[in-house]
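Here is a short report for a reader meeting this structure for the first time. Please look at the sequence and the model before reading on.

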Amino acid sequence: MMFNSSTFRTFTLAVAACVAFSSCSDEKEDDPSYNVPQTYNFENVSYTGQTQRIQMLDELDAYIKTGHDGDVLNAQKMKDMYANANNPFADASLNAATSKQLKNKTILTAQPVFEALFDDVAAASLSSGIPALEGLPGLLTTADGSKSYLVNGDGLEYAQVIQKGLMGAVFFNQAVESYLSAEKIGPAVDNTTVTAGEGTKMEHHWDEAFGYFGAPVDFPANTTGTKYWANYSNKVDAALGSNKALMDAFIKGRAAISAKDMEGKDEAAATVRTEWERLVAAATILELNAAKANIADQAKKSHYLSEAIGFAMGLQYITAPKLSAAQYQQVMDAIGTNLYETTADDINVAINIISTAYGMDNIKGQL
């Protein structure tokens with residue numbers, strides 16, 4: 001398999017929701033009983049843990065990408081950063097946040113996948129000072145000489161698979177499968193007792209889901225400092241309309257919780273789940289299109305295909321995704337195990353499987 005790891009072989013194995021938030025909430029638009037602000041501006045909001053995990057991925061990603069400069073990577077250091085063990089971060093505040101880590105928030109079935117990837121990229125980095133060739137790991141350089149990427153013998157760029165994969169296995173999965181679940185925002189969850197700085201339990205759980213989106217409170221009017229999913233939402237927004245759909249749902253859901261409007265909360269949660277999954281699919285197509293546009297430059301093709309693989313992994317990190325396990329495997333098969341051999345026709349097959357599953361045939365060329 002592409003990752004040269006049997007762990008990944010074993011890994012490949014939404015509720016029904018409205019597609020657009022406005023269509024779900026028309027009956028609430030004129031409800032005068034509570035105010036829905038224009039921005040995520042509420043009392044007692046805290047999602048520090050989510051911000052810290054975003055920063056942890058920043059540091060982990062930056063370390064892995066030193067392999068692009070010819071540095072030899074240490075697998076144990078990456079595993080320590082993943083589990084926040086042995087003070088691995090340059091930011092001392094992250095080391096001090098001992099209860100916060102990426103590993104224990106990764107969907108359980110994927111934890112060994114990422115640890116195997118750390119081993120694999122460390123092994124590949126032993127050859128990072130030499131040019132990559134098909135069948136041999138090393139540095140794959142763009143045709144114009146401006147960029148080099150550490151890849152394995154199949155042309156896979158581990159840095160992108162790890163970063164995009166963790167965006168799905170931690171941020172996406174935790175937001176929609178944990179914090180927007182009945183266990184966290186259902187009727188049995190306390191929405192009466194207010195903790196200063198955090199709000200009620202239900203409010204806090206909703207805020208934590210928002211924290212994983214990586215957006216400023218006045219997004220999308222303000223896109224400065226967007227991280228990970230919010231950043232990619234902005235990239236595909238012209239075609240997908242994800243910025244407003246997701247932000248409106250997050251704001252409406254938080255306002256509904258504070259106003260004890262459980263119907264409004266449930267509608268907003270369903271919209272976040274649907275629109276975030278659509279965002280993951282659109283981001284995958286975005287990178288597949290970029291790979292197709294750079295088919296003659298192997299370094300760029302490998303770079304974008306590796307991003308697409310990482311994003312596509314996220315489509316299997318939620319309950320009942322629109323892309324079935326069989327379709328997911330078809331996408332992986334189309335991309336192939338050797339990125340040197342992936343053709344434009346192969347990429348089109350992968351794009352079409354995803355776009356059909358998510359009803360994006362009319363916008364797939366715009367992503």
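The text below covers the basis of the model, its nonpolar cores, its helix packing and some local backbone features.

**Basis**

This is a predicted model: local features need pLDDT of at least 70, side-chain atom pairs count only at pLDDT 80 or more, and totals for chains, interfaces and linings use all residues. Residues are numbered from 1 along each chain as its sequence is written, and side-chain values use heavy atoms, with hydrogens and water left out.

**Nonpolar cores**

A nonpolar core is a set of buried Ala, Val, Leu, Ile, Met, Phe, Trp, Tyr and Cys residues joined through side-chain atoms within 4.5 Å. Buried means under 20% relative accessible area, exposed means over 50%, and partly exposed lies in between (1.4 Å probe, protein chains only).

The largest nonpolar core holds 107 residues. Which residues have the most contacts inside it? They are Phe114, Phe171, Phe213, Trp229 and Trp276. A second, separate core has six residues, including Ala132, Leu140, Val151 and Ala299.

Contact means heavy atoms within 4.5 Å. Leaving aside neighbours within four places in sequence, tryptophan 276 is in contact with Phe171, Phe172, Ala175, Val176, Ala209, Tyr212, Phe213, Trp229, Leu246 and Phe250.

**Helix packing**

Helices (H or I, at least four residues) and strands (E, at least two) are DSSP runs, numbered from the N terminus. Axes are lines fitted to C-alpha atoms, for helices over the stretch in contact, and angles run from 0 to 180 degrees between N-to-C directions. Two packed pairs share helix H15.

| Helix pair | Angle | Axis separation |
|---|---|---|
| H14 (residues 325-335) and H15 (residues 344-357) | about 160 degrees | 7 Å |
| H12 (residues 262-293) and H15 | about 165 degrees | 10 Å |

Angles under 35 degrees count as roughly parallel, over 145 as roughly antiparallel, 65 to 115 as roughly perpendicular and the rest as oblique. H14 packs against H15 at about 160 degrees. H14 is therefore roughly antiparallel to H15. H12 and H15 are also roughly antiparallel to each other.

A crossing is left-handed if the near helix is turned anticlockwise from the far one by less than a right angle, and right-handed if clockwise. H14 and H15 cross in a left-handed way. From H14, the contact uses Gln327, Gln330, Val331, Ala334 and Ile335. From H15, it uses Asp346, Val349, Ala350, Ile353, Ile354 and Ala357. By class, this contact of H14 with H15 has eight nonpolar, two polar and one charged residues. Here Ala, Val, Leu, Ile, Met, Phe, Trp, Tyr, Cys and Pro count as nonpolar, Asp, Glu, Lys and Arg as charged, and the others, Gly among them, as polar.

H12 also passes H15 in a left-handed crossing. Among the contact residues are Ala281, Ile285 and Leu288 of H12, with Ile347, Ile351 and Ile354 of H15. The contact of H12 with H15 has nine nonpolar, four polar and one charged residues.

H12 also holds threonine 274. Threonine 274 counts as buried, at 8% relative accessibility.

**Backbone features**

Asparagine 84 lies in the loop between helix H4 (75-83) and helix H5 (92-96). Its phi is positive, near 50 degrees. Asparagine 86 is in the loop between H4 and H5, and its phi is about 65 degrees. Buried or exposed? Asparagine 84 is buried at 9% relative accessibility, whereas asparagine 86 is exposed at 64%.

A cis peptide bond joins phenylalanine 219 and proline 220, with omega about 5 degrees. Proline 220 sits in the loop between helix H9 (201-213) and helix H10 (229-240).
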